[in-house]
Amino acid sequence: MIVLLAVVVFLFAFASSRNANRIISKPSIKFIGENNLFVTNETVSKLLIQNYAGVKNVPKETLVLNELENTLKSNPMIKTAEVYVAVNGTLNAEIEQKTPIARISTNASYYIDEEGSFMPLSTNYSARVPLVTGYVEKNNLTNVYRIAQKIKADEFLKKHVYEIHQDINKSLYLKLRTCNFIVKLGDKNFLNKKINNLKAFYKKNQKDNTLNRYSKVNLQFENQVICTKI
């Protein structure tokens, strides 16, 4: 039994030492969700290389995986990152990129992601999301984020709304693809009721073929739809 125990301890120590000194091969990068639209394999590899001066042919024991993960998460286009080393020595990185829901187009251009945070534009891909114009502060995106969430979750709004406008008083407006009128929502209160009123107005006037008779549809009052004719 003593001899058997000694053999097991020796094998375990030998395997641990060999595993720690295993040479890491070229990173294997996997994207979770909508593939690598904004962040490419090359971008991820570059981040890893910059952090460890090249992770290929680096002894496994020298890698600090948490540092590699933090390096990847420091990229403003990356939502989550998990880095681990497989038994065969392959360094694996699983990346989930951020998802934009609106694009700010004022004196600066950037996305708002699905958590309401800043996300820079990408040279690799442009997302088809509503534009946000007017008076928008980078550190105060609550209003436009709220309506952008509504648009993303609602098939009618997703199909028809192409622009969100916020004026200096933080009143919200919408522009629709097939209509000449502008929709005034006012503040972000009672959004569900206002959106339902817009749908009812649109459906009725589309049926009557009268959508192009209006220049403005005011929904800022909870139980009213006030229309301005051209």
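Colleague: How are residues numbered, and which pLDDT is needed for local features?
Modeller: Residues are numbered from 1 along each chain as its sequence is written, and side-chain values use heavy atoms, with hydrogens and water left out. As the model is predicted, side-chain atom pairs count only at pLDDT 80 or more, totals for chains, interfaces and linings use all residues, and local features need pLDDT of at least 70.

Colleague: How many disulfides does the structure hold?
Modeller: A disulfide is a covalent bond between the sulfur atoms of two cysteines. Here the term stands for a pair of cysteine sulfur atoms within 2.5 Å. The number of disulfides in the structure is zero.

Colleague: Is Cys179 buried or exposed?
Modeller: Buried means under 20% relative accessible area, exposed over 50%, and partly exposed in between (1.4 Å probe, protein chains only). Cys227, at 30%, counts as partly exposed. Cys179 has a relative accessible area of 9%, so Cys179 is buried.

Colleague: How many salt bridges does the structure hold?
Modeller: Side chains of opposite charge can pair when their charged atoms come close. A salt bridge is a side-chain nitrogen of Lys or Arg within 4 Å of a carboxyl oxygen of Asp or Glu. The number of salt bridges in the structure is nine.

Colleague: How many residues apart in sequence are the parts tied together by Glu114 and Lys79?
Modeller: Glu114 forms a salt bridge with Lys79, with the closest N and O atoms 3.3 Å apart. Glu114 lies in the loop between strand E7 (109–113) and strand E8 (118–119), while Lys79 is in strand E4 (residues 78–85), so the parts tied together are 35 residues apart in sequence. Strands (E, at least two residues) and helices (H or I, at least four) are DSSP runs, numbered from the N terminus. For the parts tied by Glu114 and Lys79, the value is therefore 35 residues.

Colleague: Which residue forms a salt bridge with Asp154?
Modeller: Asp154 is buried, at 16% relative accessibility. The closest N and O atoms are 2.6 Å apart, and the partner of Asp154 is Lys199.

Colleague: What is the distance in space between Lys73 and Glu96, C-alpha to C-alpha?
Modeller: Lys73 is in helix H3 (residues 65–73) and is partly exposed at 40%. Glu96 is part of a network of salt bridges with Lys79, Glu114 and Glu115. Lys73 and Glu96 are 23 residues apart in sequence, and their C-alpha to C-alpha distance is 9.7 Å.
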